[in-house]
Amino acid sequence: MGSITLKQVTKTFGDVNVIKPIDLQIHDGEFIVFVGPSGCGKSTLLRMIAGLEDTTSGNIDIDGKDATNTPPAKRGLAMVFQSYALYPHMSVRNNIAFPLKRAKVPPAEIEAKIASAAKILNLGDYLDRKPGQLSGGQRQRVAIGRAIVRQPSAFLFDEPLSNLDASLRVNMRLEISELHKTLDTTMIYVTHDQVEAMTMADRIAVFNAGVIEQVGTPLELYQTPVNRFVAGFIGSPKMNFIEVEPVDGNPTSCVGVRPEHLKVTQDKGLWTGKVGVIEHLGSETFLHIHVDGVGPLTLKADGDCPLKYGDNVNLTAPQNKIMHFDAAGKTLPPTPFSGN
Amino acid sequence: MATNNSNKSKIIYTALAWGISGMIFFPILWTLLTSFKTEAEAISANPSLFMFDWTLENYSDVLARSPYFNHFWNSVVISIGSSLLGLIIAIPAAWSMAFVQTKRTKHLLMWMLSTKMLPPVGVLIPIYLMFRDFSLLDTKLGLVIVMTLVNLPIMVWMLYTYFREIPHEILEASRMDGCSIGEEIFHVLLPLALPGIASTLLLNVILAWNEAFWTLILTAANAAPLTAFIASYSSPEGLFYAKLSAASVMAIVPILILGWFSQKQLVRGLSFGAVK
């Protein structure tokens, strides 16, 4: 079991409302990602679920029981920290055994659990080393191992891959996803990296300034964002926003087009611009196009895109891929768009 | 040219360092030499640095006249006892100040430090009267309590500085792993802060060993440590410089030896936190 329910949960530091009333249901076995910019409250909420921060008001239920005031160790949750938070004076073996020793698990069972975790995480050769003798990826695996052996009802990950280099991050991302499939345990994962969120999550909760803007599957958030913030945050490169003058009967004040939906056309198109910086990634190319009266737009093209710096281009996008937002940033139903 | 200048400045700095060290060390050297002179040579108008009749008479006189080892034992009990008791109080205090900070933690730390700026004589009468009423005068327990209180602000400050260097997340991880606050301190914080705790202990042993004001006032014969033993050689019968020097040397030698062997640890501990 590992279902977690947040009911009108808030957090205040002095006069600052870091978390405004939040309701969220996290299902048993689900991989949910909290994503949002720095300072949006996602880590604070995770720490509140862990019990490391007090809850100002509201309730946190774990497996149907009110755990709002339960101490961290009694919540049945395990946490993996951004800085790994390993005990530097203990060997890998003792780091992993530490929570079991605290729970007074018999030594033979501890050894069996260490062996099992070491096998899952490929740590067998490092059990007698100290954390200082391990690489970043190995340390992160030890931190996960320490969490696994407790057999928690849910894992909490607080930006666990932020300190790793790019290639290792991709590997660890896969390993954590694989682990989720193997253990079938609830995982709550905090990140500011929307690529991590999109690739790992069953559901994503997008945070902004202490509120959840939208909760949904990665594709729901990508295809039907509820507002401009979510539309801009999900997707890489981020969505292009073009301000427009609202007219009678059409409250659209901004339209959004994802870089992958923007196309170069021989016809007049919706916008005309000049190609600026071109970023070649091999399989795809990002073109930064300066459009008069609109500003820079990003276009995602094929890897062998023939355009050059300074070329004049006409741009268009399929009508069904153009999103409309009102002055408050709320997504509007699609309407035909004929340019600014 | 640049090398010449750097060599020159190296020589100047080295000479300066030796000069200042010599100035600091000279009184100790003078005391050491005086302890091997006769009383007549010690008060001579034309004292000689090395050219005198070397004698161990002062040491044998001092050992014969006073129970040196009793005083030595009192010093050991008072300095180590007060440092250990201080640690027991200072560790939880520093833990809460480092990891459970409130708006007033900084003020509290400054207030604790400010007590060190108060001249001890300012609280002499109330402490003396309390000691009298609680029958603590001339007891080792009384001295242990006073030395603990006198050095507690320094201990809390030092430990606070070391604890601040320990990542908060490690302690949080231990909390998630099932530790109570006591277990968190015992299993995680203390092993990580061991160098800092050792140097705090060491410094406070030295401070308590050298403390003279309270030991002279609150002790007589039973609990008098080595500082009181030295002072006993400045009496109404006269000032016996050579014996006073011999007593001083015997009082400082144990702590000098301790300091010598632990200087690396002490310097490391004192600069911990100041240099990242």
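**Close-up views of a predicted model**

**View 1. Contact of helices α7 and α10 in chain B.** B:Met147, B:Asn151, B:Ile154, B:Met155, B:Met158, B:Leu159 and B:Tyr162 of α7(B) meet B:Gly196, B:Ile197, B:Thr200, B:Asn204, B:Leu207 and B:Ala208 of α10(B); residues are in contact if their C-beta atoms, placed from the backbone, lie within 7 Å. This contact comprises nine nonpolar, four polar and no charged residues (nonpolar: Ala, Val, Leu, Ile, Met, Phe, Trp, Tyr, Cys and Pro; charged: Asp, Glu, Lys and Arg; polar: the others, Gly among them). The model is predicted: local features need pLDDT of at least 70 and side-chain atom pairs pLDDT 80 or more, whereas totals for chains, interfaces and linings use all residues. Residues are numbered from 1 along each chain as its sequence is written, and chains are lettered from A and ligands numbered from 1 in the order in which they are written.

**View 2. Crossing of α7(B) and α10(B).** The axes of α7 (residues 140-164) and α10 (residues 194-210) of chain B come within 10 Å and cross at roughly 155° (axes are lines fitted to C-alpha atoms over the stretch in contact; angles run from 0 to 180 degrees between N-to-C directions). The two helices are therefore roughly antiparallel, a term for angles over 145 degrees.

**View 3. An open sheet in chain A.** Four strands follow the order β11-β12-β18-β19 with antiparallel pairing (strands are DSSP runs of E, at least two residues; two pair if DSSP finds at least two bridges between them). β11 (240-243) and β19 (331-332) of chain A stand at the edges with a single partner strand each, so one side of each lacks a neighbour in the sheet. Three bridges join β12(A) to β18(A), and A:Cys254 has A:Phe325 as its bridge partner in β18(A).

Definitions and conventions. Angles under 35 degrees count as roughly parallel, over 145 as roughly antiparallel, 65 to 115 as roughly perpendicular and the rest as oblique. Two residues are in contact if their C-beta atoms, placed from the backbone, lie within 7 Å.
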